[in-house]
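My plan is to look things up one at a time and write down what I find.

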Amino acid sequence: MSAEPRLAEVAEPEPAQQAAPGTDQAVKETLEDYTLRFAPRSYRRWTPMVVATTALGGIAYMADFSIGAGIGLAHGTGNALLAIAVAAVVIFVTGFPLAYYGARYNIDLDLITRGSGFGYFGSVLTSVIFASFTFIFFALEGSIMAQGLKLGLGLPLWLGYLVSTLMVIPLVIYGMTALSKLQVWTTPIWLLLMVGPLVYLVATDPGTVDRFLAYAGTDGDGGINTASVLLGAGVCLSLIAQIGEQIDYLRFMPPKTEANKRSWWTAVVMAGPGWVVLGALKQAIGVFLAVYIIAEVGASAAPEPIQQFKGAFDAMMPSWLVVPLAVVLVVISQIKINVTNAYSGSLAWTNSFTRVTRRYPGRMVFVLVNLGFALALMEADMFSFLNSILGFYSNCAIAWVVTVATDIGINKYVLKLSPHAPEFRRGMLYAVNPVGVVAFVAASGLSIAMYFHALGDALQPYSPVAAAVIAFVLTPLMAVITKGRYYLRRTDDGIAEPLLDEDGNPSAVAYECHVCRQQFERPDVAACRTHDAVVCSLCLSTDKVGDHVLPAGA
């Protein structure tokens with residue numbers, strides 16, 4: 001067979017060659033939630049609102065209350081609220097194109113990143129960044145839950161860390177099917193427990209609002225200070241990578257049609273970049289509750305969400321109910337977000353490992369790896385130096401997300417140097433695309449240097465701004481310099497059927513992979529180099545000798 005096959009329809013496959021190691025296991029496991037793959041139309045049976053509710057369920061985390069409290073205590077309410085607002089705007093603007101691509105083309109952020117400036121292997125860098133995000137925030141939420149278990153049940157912190165880690169494993173095994181049910185059913189309870197105390201305090205004691213607005217912080221005099229705002233925004237911007245977890249759900253959106261376009265767009269905006277609206281509100285509530293706790297109890301307990309809500313519940317209900325409800329709120333929140341952290345982290349680690357080694361060990365292996373990292377951070381008491389960890393991490397996260405968002409918004413739609421339709425399959429992409437890799441490395445490297453005072457104390461607060469600006473400028477500049485030549489290794493995947501249908505949605509035409517003998521939809525397959533048949537994207541990834549991978553060319 002020629003090296004440039006053209007398949008007008010599904011070919012009768014020749015006898016399959018020996019499948020790559022791990023292929024059978026990979027097929028069985030990834031068909032539950034399409035780990036590492038395009039999510040096919042046949043699997044995406046949820047309505048836009050169910051997908052959005054499931055995605056927003058992960059925003060139940062308590063870390064926002066700690067983040068807001070930490071910024072407010074250090075810099076005062078005025079600076080904290082401005083920092084939260086600045087970060088929210090940046091996160092919304094950069095998250096929108098990523099959420100749209102994930103929902104429209106039904107791929108996760110790693111697959112988007114591959115074709116949006118990084119290349120097939122280049123995006124391993126960002127997969128590791130994202131995996132780090134998931135275990136850092138798993139550790140943070142697990143620490144908060146352990147604080148709750150210590151207060152409510154008297155468990156020592158080390159045991160609480162272990163309990164909060166182990167309890168999510170059964171829920172993560174089953175992927176999207178189980179997660180959608182968990183998030184939909186627990187969200188109303190969580191909202192009631194979170195909003196109720198705030199409404200009660202404001203309604204019964206208006207003086208809490210005055211104290212909140214007047215709080216000056218330990219490092220300030222109550223005035224607005226640019227450095228304080230930017231330092232606070234840098235901590236908030238560590239959450240910019242949350243869009244990756246939102247896309248892990250948004251990739252299951254149904255096709256966008258004329259009939260559902262209103263609900264489709266509502267769901268994408270609400271559960272995509274819109275997550276930050278709820279996140280920013282929680283951060284502001286964290287400042288409010290911290291100021292309230294300082295007045296009622298003292299500053300030492302103010303950053304801990306369990307203490308914040310214990311204090312708020314104490315003002316509105318019998319004492320015997322206070323601790324149980326506070327613990328219930330913390331446990332529900334921790335479960336809702338940490339199943340997402342464990343799930344998304346396992347996808348990121350598996351993606352990286354499979355590409356580098358061309359072997360698929362199973363997603364559950366990396367669930368355990370991610371949980372191991374998180375448990376180590378918890379046992380090291382990461383909660384006590386939370387803002388330092390997040391401030392450093394935000395530089396890498398900002399550089400990555402801004403690079404990909406700029407490639408989509410500018411390089412694809414304005415300069416038209418980046419291919420409009422996303423590409424993620426091995427053989428179709430160059431190993432490394434200097435457009436995204438150079439922009440990301442330069443932006444993250446320089447901003448980290450600034451964060452650690454290498455360029456002077458005066459510039460240190462501006463490290464998150466530097467990460468965003470450098471990534472935004474270098475991404476289109478590199479595309480112009482390279483003339484977009486390193487995006488696609490070839491433009492023809494050897495299949496005549498178009499990738500997109502008449503509505504611009506990924507085609508639902510099914511093909512059989514001649515290696516694993518499973519059916520996959522059009523965007524997930526490419527023609528085989530050595531057989532008159534097609535091969536799915538995961539079998540291409542695990543092909544150790546490259547027998548099935550199309551050569552560079554047309």
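**Entry 1: Asp108**

I looked up Asp108 and found that it counts as buried, at 3% relative accessibility. Buried means under 20% relative accessible area, exposed means over 50%, and partly exposed lies in between, with a 1.4 Å probe and protein chains only. I note that this is a predicted model, where local features need pLDDT of at least 70 and side-chain atom pairs count only at pLDDT 80 or more, while totals for chains, interfaces and linings use all residues. Residues are numbered from 1 along each chain as its sequence is written, and side-chain values use heavy atoms, with hydrogens and water left out.

Asp108 sits in the loop between helix 4 (77-105) and helix 5 (109-118). Helices (H or I, at least four residues) and strands (E, at least two) are DSSP runs, numbered from the N terminus.

Next I checked its side chain for polar contacts. Such a contact is a pair of N or O atoms within 3.5 Å; within protein, one must be able to donate a hydrogen and the other to accept it, and residues adjacent in sequence count only if both atoms are side-chain atoms. The Asp108 side chain reaches the backbone nitrogen of Asp110 at 3.1 Å. A polar atom of that side chain also lies 2.9 Å from the backbone nitrogen of Leu111.

Which residues does Asp108 contact, leaving aside neighbours within four places in sequence? I found Ile247, Asp248, Arg251 and Asn351. Contact means heavy atoms within 4.5 Å. Arg251 is 143 residues away along the chain, yet the two C-alpha atoms are separated by 6.1 Å.

I moved on to Thr126, in helix 6 (residues 124-153). Its relative accessible area is 1%, so Thr126 is buried. Not counting residues up to four places away in sequence, Thr126 touches Thr113, Phe118 and Trp400.

Ser447 lies in helix 19 (residues 434-451). Is Ser447 buried or exposed? Ser447 is buried, because its relative accessible area is 0%. A polar atom of the Ser447 side chain lies 2.8 Å from the backbone oxygen of Ala443. Beyond its neighbours within four places in sequence, Ser447 is in contact with Asn395, Ser463 and Ala467.

**Entry 2: Val297**

I wanted a contrast, and Val297 is exposed, with a relative accessible area of 61%. Val297 is placed in the loop between helix 14 (275-296) and helix 15 (305-314). From Val297 to Gln308 I count 11 residues in sequence and 9.8 Å in space, C-alpha to C-alpha.

**Entry 3: cysteines**

I looked up two cysteines. Cys236 is buried at 1% relative accessible area, and Cys396 counts as buried at 11%. How many disulfides are there? The count is zero, taking a disulfide as a pair of cysteine sulfur atoms within 2.5 Å.

**Entry 4: the whole protein**

I found 21 helices and four strands. Of the 554 residues, 60% count as buried. I also checked contacts between residues at least 6 apart in sequence: 81% of them join residues at least 24 apart.

Last, I looked at the lining of the largest cavity. Its residues include Phe38, Tyr105 and Arg425. On a 1 Å grid over the protein atoms alone, a cavity is a set of points where a 1.4 Å probe fits but cannot get out, and lining residues have an atom within 4 Å of a point.

Note on methods: On a 1 Å grid over the protein atoms alone, a cavity is a set of points where a 1.4 Å probe fits but cannot get out, and a pocket is an open set with protein on both sides within 12 Å along at least five of seven lines; lining residues have an atom within 4 Å of a point.
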